[in-house]
Amino acid sequence: MRTHFGYHIFIVLCVFLAFFSGIAAAEETRTFVDDVGRELILPVNITAVSPSGPLAQIVLYSVDPDLFVSISSKYSDAQLKYIDPRVAALPVTGQFYGAKSTMNPEEIMEMNKQLGIDLVLDIGEAKSTMKEDLDKIQAQTGVNFAFVTQNNLSDIPGSYLTLGELLSEEEQCEKLSTYTSDLLSEFASGMNEIGDNKKSMIYVVSIDGNSVYLIGSGENSYHGEVINYISDNLANEAVTSSGMGDEYTMEDILQMNPDYIIVAYNADHEYYDTIMNSADWQSLRAVQDGNVYEAPYGPYSWMGSPPSVNRLLSMIWLGNLYYPDVFDYNVDDRVKEYYSLFYHYDLTDDDLSELMEYAKPAGSSSLGSATSTGTSAYANQSPAPLFALMAGLGLAVLIKRRNH
């Protein structure tokens, strides 16, 4: 009799344990619907994330570097200064989409055994086949893939709120969302004030002999979104969708004759030096006025490449450069704020000087709002006015000698 009683107690205990184990298991997971409508069953706490490409790598880093369990591509030597050494040393899982696609499902499966990947994060533009593509690779690998839309500048604030929910990083993502929302509102108001009085410009991404490659204009120019917004981009409507730009001749550039020329960064400043020193460029208004600037780079180009949240820096920089009376703020302070919030890096004054070596007017030791004399720190300080001053002084001396 006691044996039967004990047996029944044992069965009841097993049922209760199974019941409460099921509840506990249910509490350890949650449901999330990504931006292409895919329902995912995720851990309550995401701690191990692999970015699916360069855009995801940039955005994930802004949320929390500690979430990385792999990277999509290795950082360059120039980038390492700004990147957490732990993140830089992580294994590479490759890129899922794009011309440089290297992500292999079998390698993801193998890395998942070693790393315990909670989630592969994809960020960018929702392609027509994305839902099917992500369903397929998720089925192949047994690893969750989630997509968050962040294509245009206007997508950024909302995308951070989505990421906060997805990654259980609500506090940091709220900060990033508020920051970007405030910045976009500031520029919407400022550009409304500027109206049709935009400065004209071209963005030179490379020079090869007589061939000059520019980022195109038009609504579909993803890489040109910032420059099309805050300036009159004199390049034609974009043909290529890549950041390599479209080809123009030197004759085309001379006909454009922009107010400003922005040049893509490269390590030896080759393109900037070509524009400043080659006779072919000297008749251009921007060169004569000293309005040629190289886009800062570190850990990414401020102009894009890839075109992610790093483009917000180009808005801050170019807005004050072109329209200091409207965007009247200290650029140094704003850039330091951005690096702290998005790169978790505290820029020193020396760091900033190095970053902006070719990005501010000649003779300008600092960047910022109007000085006490009412002259902007971005006031034109080109060689032409200096030459005129020297010539005037020489003429004055000659007249004085004649009078004597």
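Reader: Which residues lie nearest the centre of the second largest pocket?
Author: This is a predicted model, and the second largest pocket in it holds about 250 Å³ of space. Its lining is made of 14 residues. Those nearest the centre are Tyr82, Tyr265, Tyr297, Glu354 and Leu355.

Reader: How do the residues lining the second largest pocket divide by class?
Author: Tyr and Leu count as nonpolar, while Glu counts as charged. Among the residues nearest the centre are Tyr82 and Glu354, so both of these classes occur there. Over the whole lining, the division is eight nonpolar, two polar and four charged.

Reader: Which helix gives the most to the lining of the largest cavity?
Author: The structure holds one cavity of 30 Å³ or more, and the largest cavity has a volume of about 50 Å³. Two elements give two or more residues to its lining, helix H8 (225-230) and helix H12 (311-322). The lining includes Glu225, Val226 and Ile227, and with three residues the largest contribution is that of H8.

Reader: How many charged residues are in the lining of the largest cavity?
Author: Glu and Arg count as charged. The lining includes Glu225 and Arg311, along with residues such as Tyr203, His223 and Met303. By class there are five nonpolar and three polar residues, and the number of charged ones is two.

Reader: What is the order of the strands in the open sheet of three strands?
Author: The edge strands are S3 (49-51) and S5 (145-149), each pairing on one side only. Strand S4 (residues 119-124) is joined to S5 by five bridges, and the two run parallel. The pairing in the sheet is parallel, and the order is S3-S4-S5.

Reader: Which helix packs on the sheet by touching S3, S4 and S5?
Author: Helix H5 (residues 130-141) packs on the sheet but touches S4 and S5, with its direction at about 155° to that of S5. The other helix spans residues 156-167, and its direction makes about 160° with that of S5. The helix touching S3, S4 and S5 is H6.

Reader: Which residue in the hairpin of S1 and S2 takes a positive phi?
Author: Strands S1 (residues 29-33) and S2 (residues 39-43) run antiparallel and are joined by five bridges. Within this pairing, arginine 30 stands opposite leucine 42. Five residues lie between the strands, and the one with a positive phi, near 80°, is glycine 37.

Reader: In which loop is proline 299 found?
Author: The peptide bond from glycine 298 to proline 299 is cis, with omega near -10°. A cis bond also runs from serine 305 to proline 306, with omega near 5°, and proline 306 lies in the loop between S11 and H12. Proline 299 is in the loop between strand S11 (292-294) and H12.

Reader: How many contacts beyond near neighbours in sequence does the stretch 369-404 have in the model?
Author: The chain averages a pLDDT of 85, and 82% of the residues score at least 70. Residues 12-26 stay under 50 and have zero contacts beyond four places in sequence. Where pLDDT is low, the predicted coordinates should not be read in detail. Residues 369-404 are also below 50, and the number of contacts this stretch has beyond near neighbours is 34.

Terms used:
Residues are numbered from 1 along each chain as its sequence is written. This is a predicted model: local features need pLDDT of at least 70, side-chain atom pairs count only at pLDDT 80 or more; totals for chains, interfaces and linings use all residues. Side-chain values use heavy atoms; hydrogens and water are left out. Two strands pair if DSSP finds at least two bridges between them. Helices (H or I, at least four residues) and strands (E, at least two) are DSSP runs, numbered from the N terminus. On a 1 Å grid over the protein atoms alone, a cavity is a set of points where a 1.4 Å probe fits but cannot get out, and a pocket is an open set with protein on both sides within 12 Å along at least five of seven lines; lining residues have an atom within 4 Å of a point. Grid points are joined across faces, edges and corners, and a volume is the space filled by probe spheres set on the points. Contact means heavy atoms within 4.5 Å. Axes are lines fitted to C-alpha atoms, for helices over the stretch in contact, and angles run from 0 to 180 degrees between N-to-C directions. pLDDT is the predictor's confidence in each residue, from 0 to 100.
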